[in-house]
Amino acid sequence: MSRFALAIISCLLFVSTIVRATDVSYCDNNEEYQVKVHGVDISPDPIVTGQPATFSISANTDNVISRGKLVIEVSYFGWHIHSETHDLCDETSCPVAVGDFLVAHSQVLPGYTPPGKYSLTMKMLDGHKKELTCIKFSFKIGLGSSSSVADM
């Protein structure tokens with residue numbers, strides 16, 4: 001997995017001094033997803049290149065989830081730039097019990113990551129590849145204090 005991919009997803013578990021809830025929407029508002037997402041917290045917000053970033057997704061399920069995948073698609077100014085897949089059990093405790101749970105991921109974006117507004121779509125699939133939820137949200141990446149051409 002690329003460092004960029006890890007950095008995008010890493011906004012889940014690391015606690016920072018700046019945390020802000022992010023507006024999140026379902027991919028299909030008419031779909032009754034098995035997993036209901038309550039919110040997404042990004043820390044720090046905006047994300048700073050070269051520093052740890054964490055995405056924390058709070059959710060709820062009425063069914064036990066023993067295994068699954070998170071499929072991530074990232075766009076920058078409307079252009080698809082990155083895809084990655086994570087094992088759900090690497091991002092939360094499995095089996096996921098009935099009730100509230102948290103999916104969290106942290107990573108460091110390289111200093112050469114372009115600043116700007118990014119869009120992320122995340123699908124959660126169960127062990128049989130059934131879609132449990134699909135959400136969309138945006139996040140911003142600012143310039144790191146040490147970013148330079150030398151970081152490339």
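Select Cys27 and Cys134. They form a disulfide, with their sulfur atoms 1.9 Å apart. Cys27 sits in the loop between strand 2 (24–26) and strand 3, and Cys134 sits in strand 10, so the pair ties together parts that are 107 residues apart in sequence. A disulfide here is a pair of cysteine sulfur atoms within 2.5 Å. Helices (H or I, at least four residues) and strands (E, at least two) are DSSP runs, numbered from the N terminus.

Before moving on, note that this is a predicted model: local features need pLDDT of at least 70, side-chain atom pairs count only at pLDDT 80 or more, and totals for chains, interfaces and linings use all residues. Residues are numbered from 1 along each chain as its sequence is written, and side-chain values use heavy atoms, with hydrogens and water left out.

**Stop 1: the disulfides**

Stay with Cys27 and Cys134. The angle about their S-S bond is -70°, and the link is left-handed. Are the two cysteines buried or exposed? Cys27 counts as partly exposed, at 29% relative accessibility. Cys134 counts as buried, at 2%. Buried means under 20% relative accessible area, exposed over 50%, and partly exposed in between (1.4 Å probe, protein chains only).

How many disulfides does the structure hold? There are two. Cys89 is partly exposed at 28% relative accessibility. Cys94 is partly exposed at 30%. Number the bonded cysteines in sequence order, and the pairing reads 1-4, 2-3.

**Stop 2: strand 5 and its neighbours**

Now select strand 5 (52–61). Eight of its 10 residues are buried, so strand 5 is largely enclosed by the rest of the structure. Eight bridges join strand 3 to strand 5, and the two run antiparallel. Two strands pair if DSSP finds at least two bridges between them.

Pick Pro52, and look for its bridge partner Val108 in strand 8.

**Stop 3: the nonpolar core**

Select Ile47, Met122, Met124, Phe137 and Phe139. Of the 28 residues in the largest nonpolar core, these touch the most other members. Which elements give two or more residues to this core? They are strand 3 (35–43), strand 5 (52–61), strand 6 (68–76), strand 8 (99–108), strand 9 (116–126) and strand 10 (131–142). Strand 10 gives the most, with five residues. Such a core is a set of buried Ala, Val, Leu, Ile, Met, Phe, Trp, Tyr and Cys residues joined through side-chain atoms within 4.5 Å. In soluble globular proteins, nonpolar side chains tend to be buried together.

Zoom in on Phe137. Leave out residues up to four places away in sequence, and its contacts include Val24, Val40, Ile42, Phe55 and Leu120. Thr22, Asp23, Tyr118 and Ser119 are also among them. Contact means heavy atoms within 4.5 Å.

**Stop 4: the salt bridges**

The structure holds two salt bridges. Each is a side-chain nitrogen of Lys or Arg within 4 Å of a carboxyl oxygen of Asp or Glu. Select Glu32 and Lys36. Their closest N and O atoms are 3.4 Å apart. Glu32 is exposed, at 66% relative accessibility. Lys36 is partly exposed, at 32%.

Move to Glu131 and Lys123. In this salt bridge the closest N and O atoms are 3.9 Å apart. Glu131 is partly exposed, with a relative accessible area of 33%. Lys123 is partly exposed too, at 35%.

**Stop 5**

Most residues other than glycine have a negative phi, and most peptide bonds are trans. Select Ser43 and Pro44. A cis peptide bond joins them, with omega about -10°. Then select Asp45 and Pro46. Their peptide bond is cis, with omega about 5°. Where is Pro46? Look in the loop between strand 3 and strand 4. Pro44 lies in the loop between strand 3 and strand 4 (47–48).

Now pick Phe77, in the loop between strand 6 and strand 7 (79–87). Its phi is positive, near 50°. Phe77 counts as exposed, at 58% relative accessibility.

End at Lys129, in the loop between strand 9 and strand 10. Lys129 has a positive phi of about 70°, although it is not a glycine. Lys129 is exposed, at 70% relative accessibility.
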